[in-house]
Amino acid sequence: SLVDILPIAQKTVFEVIPDCLFVLDARDHLVSMNTAAQKTLGNIEIVWHGKPLAEVNPELSHWVSMASLGEVFRAEIVRGNEPDQRSYDLRIMPLTGSDKQPIGRLIVCHDITQHKQEQAQLEQARAQLEEAVAERTAELRWAVEQLRVELAQRTLAERRFEDVIESAPDAMLLIDPAGTVMLVNAQTERLFGYSREELLGENFEILVPTTLRKRLRERINQFLVDSYIRQVS
């Protein structure tokens, strides 16, 4: 019958649960414990039934003394030393009767060693990742700073070059390989009568007399082939 099966089922479940289970009465004397709990005592042959928990397991008794009779108490405890150290999630739950009055306690010790080890590994991996990101960020900052300095120096050099060209007493132009005017100084404007807006983007040959354009073009083509600077006669 159901009445006969339930106690057997409850006892079976109580024994096969891998967590350590301790049942105490209202005076905190041991009433029952499962096989996993007995193994934690080190000597499963010890006579424990009806004895105060303080005599059988002083460590657990310490935690029980901190627990309330009306609320669930929870703590994390560590036993042993590395490399055999184990961590447990401890829960102490009040047991009440039909009149809701406390009649005892149930202690559950759940082994969380593997979880803690995995958590530590994740924390270590996270720390390593943060360190790598910090190093990479520092490298990028250094690269950006170097680029900023390089750009600043290049801008300064370009400004100095433009200042030199602009203040030169001779007419000076900067042209690309196709002959297009890219830079003109003030002396060019004064000597040729063109504004730099009129010259920029135009072919420089507009400044050369028609009779000299062919010869000058040949000299320029020769220079592009052999960039050794020659005296133009």
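**Group meeting: a hairpin, a core and a helix**

Okay, let's start with L173, which stands opposite V184 in β7. This is a predicted model, so to speak of local features we need pLDDT of at least 70, side-chain atom pairs count only at pLDDT 80 or more, and totals for chains, interfaces and linings use all residues. Numbering runs from 1 along each chain as its sequence is written, and side-chain values use heavy atoms, with hydrogens and water left out.

β6 (residues 173-175) and β7 (residues 181-184) pair in the antiparallel sense over three bridges; pairing needs at least two DSSP bridges, and strands are DSSP E runs of at least two residues, helices H or I runs of at least four, numbered from the N terminus. Five residues sit between these strands, and G179 has a positive phi near 90°.

Now, the largest nonpolar core: 22 residues, with F22, L30, L90, I92 and I107 making the most contacts inside it. By that I mean buried Ala, Val, Leu, Ile, Met, Phe, Trp, Tyr and Cys joined through side-chain atoms within 4.5 Å, buried being under 20% relative accessible area, exposed over 50%, partly exposed in between (1.4 Å probe, protein chains only). Another core, of six residues, lies apart from it, and includes V181 and F204.

What about α4? L60, S61, W63 and V64 are buried there. They cover an arc of only 165° around the axis, so they lie on the same side of α4; the arc is taken from the directions from helix axis to C-beta atoms. P58 and S65, on the other side, are exposed. The buried residues pack against β1, α3, β3, β4 and β5, contact meaning heavy atoms within 4.5 Å.
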